[in-house]
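Biologist: I'm new to this one. Could you put it up and let me ask you some questions?

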Amino acid sequence: MSYAFTRSLGFFSALKKVILSTKKTNSSLSLPVAASAMDGNSSCALVLCGKSSAENETAKTLKNSGALKLTDNTELSILLHSESEKPIKEDAFGVDSFMNSLSTNRFGRFLLWSPRLPSTHDVVSQNFCELPIGAVCVADVQYKGRGRSKNAWESPKGCLLFSFTLQMEDGRVVPLIQYVVSLAVTEAIKDVCDKNGLPYVDVKIKWPNDLYLNGLKVGGILCTSTFKSKQFNVSAGIGLNVDNEKPTTCLNTFLRELSVTTYQFRREDILASFFDKFEKFYELFINQGFQSLEELYYKTWLHSGQRVIVQEKNEDQVVENVVTIQGLTSSGYLLAIGDDNQMCELHPDGNSFDFFKGLVRRKLD
């Protein structure tokens, strides 16, 4: 008998949405909107496209079956890319451009695109079993991201908003997949810079799943999984602010400050490069473990040698200690060393939005 249960990836359950903003954070990805303001938006369109003829046949089958659904009674219209109106709006995601740039064997080859969706993550997670593994959903605008306290969040134009599917067997390493995704995003941006003769736009990873540029947040990762038929069905969602400089910054604003070039980052180029990097990193990760990517990951994250305050309960008192971050443990938590040379594993306390403001120490034997 098959069965399923939903599981947030370990300690990341506090992070409810890849494109998330609160009044306390510097997010250039999202703007709050009243939930009631979106109640009337009950219709969305999805355009399906495949890289190969076989994948386009899958698109036709999905359209004809009517199997794809959205929650909240949102009406969904399905179109094939070959049937969609052309030319599409100038600022819309370029399906043909993306497909022509893509060179993967599995990931990203089946595309669902919409000019406007409640959430790309909801599309792939709710329709996981209907979609090919590696399928990606892209939206130009996302209007119903899941925030804290039942807030709704709008991700405006200029952001690369996408979610994709993958399947894993070993539950012990599922929590680490978001690190692979984060690394693929940062390396994809460098790859686009290389191909266009640009200086590096050095996006950094803030543990566990935020992307920072010049001290400001420009992106985030959300990974969730369900377990069914001895497999973990993982939905990975990414948001990256490419061309919307409000309220903080974006890749293109930083690029204009860095170089006199007229080149602008395009979402299609970054997404194609992301899947190229991710496919290679994922193969290494599955076959050789995260250790094969650790050196590159540590060059990209913000935390090596960072000193942080952690809390420990000592009888009825809470004692604060300062520890130095060394890296990651095998389970994906922070590995640190105290001033007493005791190695420890750092866990969020689950109460703070900023993971570094609520770390709890567990000593390692």
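This is a predicted model: local features need pLDDT of at least 70, side-chain atom pairs count only at pLDDT 80 or more; totals for chains, interfaces and linings use all residues.

Biologist: Among contacts between residues at least 6 apart in sequence, how many join residues at least 24 apart?

Modeller: This tells you how much the chain brings together residues that sit apart in sequence. Among contacts between residues at least 6 apart, the share joining residues at least 24 apart is 66%.

Biologist: Which residues is Phe278 in contact with, leaving aside its neighbours within four places in sequence?

Modeller: Phe278 is among the residues with the most contacts inside the largest core. Leaving those sequence neighbours aside, its contacts are Phe107, Phe164, Leu166, Ile177, Val180, Val181 and Ala184.

Biologist: Why do Leu293, Tyr297 and Thr300 of helix 7 lie on the same side?

Modeller: Helix 7 runs over residues 291-300, and Leu293, Tyr297 and Thr300 are buried there. They are on the same side of helix 7 because they cover an arc of only 50° around the axis. As a general point, an α-helix has 3.6 residues a turn, so residues three or four places apart point the same way. The value behind the answer is that arc of 50°.

Biologist: Which exposed residues are on the face turned away from the buried side of helix 7?

Modeller: The buried side is covered by elements including helix 4, strand 9, helix 6 and strand 14. The face turned away from that side carries Gln291, Glu295 and Lys299.

Biologist: What do the buried residues of helix 5 pack against?

Modeller: Helix 5 spans residues 251-258, and its buried residues are Leu251, Asn252, Thr253, Phe254 and Leu255. They pack against helix 4, strand 10, strand 12 and helix 6.

Biologist: How many disulfides does a search of the whole structure find?

Modeller: Take Cys44 to begin with: its closest cysteine sulfur, in Cys137, is 9.9 Å away, too far for a bond. For Cys159, the closest cysteine sulfur is in Cys250, at 8.7 Å, and again that is too far for a bond. Both Cys44, at 3% relative accessibility, and Cys159, at 0%, are buried. Over the whole structure, the search finds 0 disulfides.

Biologist: Which residues does Glu55 touch, not counting residues up to four places away in sequence?

Modeller: Glu55 is in helix 1, and with a relative accessible area of 17% it is buried. Gly50, in strand 3, touches Glu55, Asn56, Met99 and Arg109 when such sequence neighbours are left out. On the same terms, Glu55 touches Gly50, Arg109 and Phe110.

Biologist: What is the omega of the cis peptide bond between Trp207 and Pro208?

Modeller: Pro208 is in the loop between strand 9 and strand 10. The bond joining Trp207 to Pro208 is cis, with an omega of about 0°.

Biologist: Is Lys230 buried or exposed?

Modeller: Lys230 sits in the loop between strand 11 and strand 12. It has a positive phi of about 65° although it is not a glycine. Its relative accessible area is 71%, so Lys230 is exposed.

How values were computed. Residues are numbered from 1 along each chain as its sequence is written. Side-chain values use heavy atoms; hydrogens and water are left out. Buried means under 20% relative accessible area, exposed over 50%, partly exposed in between (1.4 Å probe, protein chains only). Helices (H or I, at least four residues) and strands (E, at least two) are DSSP runs, numbered from the N terminus. The arc is that of the directions from the helix axis to the C-beta atoms. Contact means heavy atoms within 4.5 Å. A disulfide is a pair of cysteine sulfur atoms within 2.5 Å. A nonpolar core is a set of buried Ala, Val, Leu, Ile, Met, Phe, Trp, Tyr and Cys residues joined through side-chain atoms within 4.5 Å.
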